[in-house]
Structure formats: C-alpha cells, structure tokens
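Thanks for making time this morning.

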Amino acid sequence: MPLSRNAGKRLLPNAEWQVAALGTPDPGAAGNGVTTCNTAAAGLMPTGSARSCVSDVGVFDMVGNLWEWAADWIQGDTNPWAPVTGGKTSAAYGDDLMSGTNPAQTQGDGQNFPAAFERGGSFNYGNGTSAGVFALSAAQAPSASFVDLGFRCGR
C-alpha cells in the first residue's frame with residue numbers, strides 16, 4: 001500500500017487542482033520565487049518560500065516552481081482528440097503553455113499510450129511566460145522524470 005494512501009492522501013484530479021489554483025498570481029517573466037511565484041528563477045525554491053504565491057483558497061506554489069502531476073490521463077489517439085505538440089492559451093488565459101502529444105513522448109514508440117496531465121508550469125520553461133493556473137501539459141507518460149516535475153497530494 002503506498003505511503004500516501006496510508007496517510008489518507010491522494011493525487012489531485014485535474015478539476016480539483018484547477019479549483020485549488022484559482023487566484024494564484026502569475027508574475028510571468030518577473031517571477032523570482034522569493035517575493036513572487038517562481039516562474040523564472042534559476043532553480044527550484046522551497047515550497048512556501050514566496051508568501052505572495054498563494055491561491056484564493058490558501059494553497060501555496062500552484063504556479064511555477066515545478067510542473068505537478070494530476071490524476072488524469074488523456075488517450076493520444078487521432079480521434080476524438082489529437083492535441084498539438086506545443087502551443088499556448090490565448091492572452092485571456094495568461095498565454096500559459098498548452099501542450100499534448102499523440103502519443104506520450106517519453107513512452108518510446110508508445111502507440112496509443114495515454115499521457116498523464118501536468119499542471120502549473122515551472123521555473124524552467126519559456127522564461128516564465130508559460131507557467132500559470134491554466135498551464136497544462138499532456139505530453140509525458142507517467143514514467144517521466146525531470147528536475148521540474150513533481151506532485152502534491154490532498155485529502
């Protein structure tokens with residue numbers, strides 16, 4: 001039995017992650033992880049170090065610092081959805097990264113292997129302009145491992 005289950009916690013589903021992130025300020029390229037969310041600093045910052053990087057419901061660090069796994073997957077087939085390999089939302093949604101592939105990049109040839117959702121963006125992508133509450137990547141298999149990829153658990 002996984003430790004998180006023993007602690008009564010679980011990976012947040014996409015919709016729950018989005019609700020927890022709403023209202024988190026997005027400093028764009030000015031994010032330093034000390035006074036603002038870590039959207040463009042030189043590396044990871046300790047969780048909670050930027051006291052102003054908090055959502056409307058009091059959750060810290062939902063924008064930038066690192067991509068967070070969500071408990072949702074998407075099938076990378078051409079029908080009904082074949083997302084582009086890289087793009088962004090409109091200015092109305094903060095120009096945040098919106099990425100997905102068909103199939104997941106890290107699964108070798110991975111024919112029709114589903115990709116897991118990642119949310120929030122990181123310090124390490126797009127000089128701070130791609131992180132935000134609407135940032136979504138569905139480009140990696142759940143076996144992916146990067147310095148700017150992690151998760152949070154909730155109850």
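**Cores, strands and confidence**

What you have on the screen is a predicted model, and I will begin with its largest nonpolar core, which has eleven residues, namely L12, W17, A20, A21, C37, A50, C53, M62, V63, A131 and V133. Apart from that core lies another one, made up of seven residues, among them A116, A135, A144 and L149. If we go back to A50, a member of the largest core, and set aside residues up to four places away in sequence, we find that A50 touches G33, V34, T36 and F60.

Let me turn to the strands, where β4, covering residues 115-119, pairs with β5 in the antiparallel sense over three bridges, and where R119 stands opposite L136 in β5.

Now for confidence: the protein chain averages a pLDDT of 80, and 74% of the residues score at least 70. Confidence is highest in helix α2, residues 14-21, at a mean of 95, and lowest in helix α1, residues 3-6, at 63. Over residues 77-84 the pLDDT stays under 50, although the model has twelve contacts for them beyond four places in sequence. Residues 107-112 also have a pLDDT below 50, and this stretch has ten contacts in the model beyond near neighbours in sequence. Where pLDDT is low, the predicted coordinates should not be read in detail.

Technical notes:
Residues are numbered from 1 along each chain as its sequence is written. This is a predicted model: local features need pLDDT of at least 70, side-chain atom pairs count only at pLDDT 80 or more; totals for chains, interfaces and linings use all residues. Side-chain values use heavy atoms; hydrogens and water are left out. Two strands pair if DSSP finds at least two bridges between them. Helices (H or I, at least four residues) and strands (E, at least two) are DSSP runs, numbered from the N terminus. pLDDT is the predictor's confidence in each residue, from 0 to 100. Contact means heavy atoms within 4.5 Å. A nonpolar core is a set of buried Ala, Val, Leu, Ile, Met, Phe, Trp, Tyr and Cys residues joined through side-chain atoms within 4.5 Å. Buried means under 20% relative accessible area, exposed over 50%, partly exposed in between (1.4 Å probe, protein chains only).
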